[in-house]
Amino acid sequence: MQVSRQENEAAHQWISAMTPTAICTPPAFISAVKARLGIRVFAIDLAASLENTVACRYYTEQDSAFNHAWVWAHPDWGWCNPPYEPFAALGRWAKKASKI
């Protein structure tokens, strides 16, 4: 998928306007992932808020996805775009995902 310079600049402006903890995945990227993998809907969003979830079922920061089993019906897909935090904290997300 080729991204035009205009689309790239628009995405950069959109992301730059958000605070680090409120960054969410651009809708165009979600659409591209769904199209590429043949996904109709995501079963769950593992790191979301009411304002940015990409699934009907989701865990918020207060719910803490780490306190729940990441289980959903096969062949459904889950989505996870971990919150912006120190790079070292991403290991916690990766470790949890490796246990799916």
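A: Helices (H or I, at least four residues) and strands (E, at least two) are DSSP runs, numbered from the N terminus. On that basis, Leu37 belongs to helix H2, and the protein as a whole has 3 helices and 2 strands. The elements follow one another as α-α-β-β-α from the N terminus on. The part examined here is the loop between strand E1 (42-45) and strand E2 (77-79), together with what it meets.

Residues are numbered from 1 along each chain as its sequence is written, and side-chain values rest on heavy atoms, without hydrogens or water. The mean pLDDT of the protein is 81, and 75% of the residues score at least 70. Confidence is highest in E1, with a mean of 94, and lowest in helix H1 (residues 5-16), with a mean of 63. Where pLDDT is low, the predicted coordinates should not be read in detail.

Phe66 is one of the residues in the loop between E1 and E2. Its ring forms an aromatic pair with Trp93, with 4.5 Å between the centres and 55 degrees between the planes, which makes the pair tilted. (Rings of Phe, Tyr and Trp, the last by its six-membered ring, pair if their centres lie within 6.5 Å; planes under 30 degrees apart count as stacked, over 60 as edge-to-face and the rest as tilted.) Because Trp93 is in helix H3 (residues 90-97), this pair ties the loop to a part 27 residues away in sequence. Trp93 has a relative accessibility of 9% and therefore counts as buried (under 20% relative accessible area; exposed is over 50%, and partly exposed lies in between, with a 1.4 Å probe and protein chains only). Phe66 also meets Arg92, whose charged end sits over the Phe66 ring at 3.8 Å from its centre. (This requires NZ of Lys or CZ of Arg within 6 Å of the ring centre and within 35 degrees of the ring normal.)

Ser64 lies in the loop between E1 and E2 as well. Ser64 has a positive phi of about 55 degrees, although it is not a glycine. With a relative accessible area of 17%, Ser64 is buried.

Tyr58 is a further residue of the loop between E1 and E2, and its relative accessibility of 24% makes it partly exposed. Leaving aside neighbours within four places in sequence, Tyr58 is in contact (heavy atoms within 4.5 Å) with Ile44, Asp45, Ala48, Ser49, Leu50, Thr53 and Asp63. Tyr58 and Trp79 are 21 residues apart in sequence, and their C-alpha atoms are 9.2 Å apart in space. Trp79 also belongs to a cluster that ring pairs form with Phe29 and Phe42. The whole structure holds 4 aromatic pairs.

The side chains of Thr25 and Asn81 are joined by a polar contact of 2.5 Å. (A polar contact is a pair of N or O atoms within 3.5 Å; within protein, one must be able to donate a hydrogen and the other to accept it, and residues adjacent in sequence count only if both atoms are side-chain atoms.)

Within H2, Lys34 touches Ile39, Arg40, Val41 and Phe42, not counting residues up to four places away in sequence. Lys34 lies 9.8 Å from Trp77, C-alpha to C-alpha, across 43 residues of sequence.

For the protein of 100 residues, 20% count as buried. Of the contacts between residues at least 6 apart in sequence, 48% join residues at least 24 apart.

Conventions:
This is a predicted model: local features need pLDDT of at least 70, side-chain atom pairs count only at pLDDT 80 or more; totals for chains, interfaces and linings use all residues. pLDDT is the predictor's confidence in each residue, from 0 to 100.
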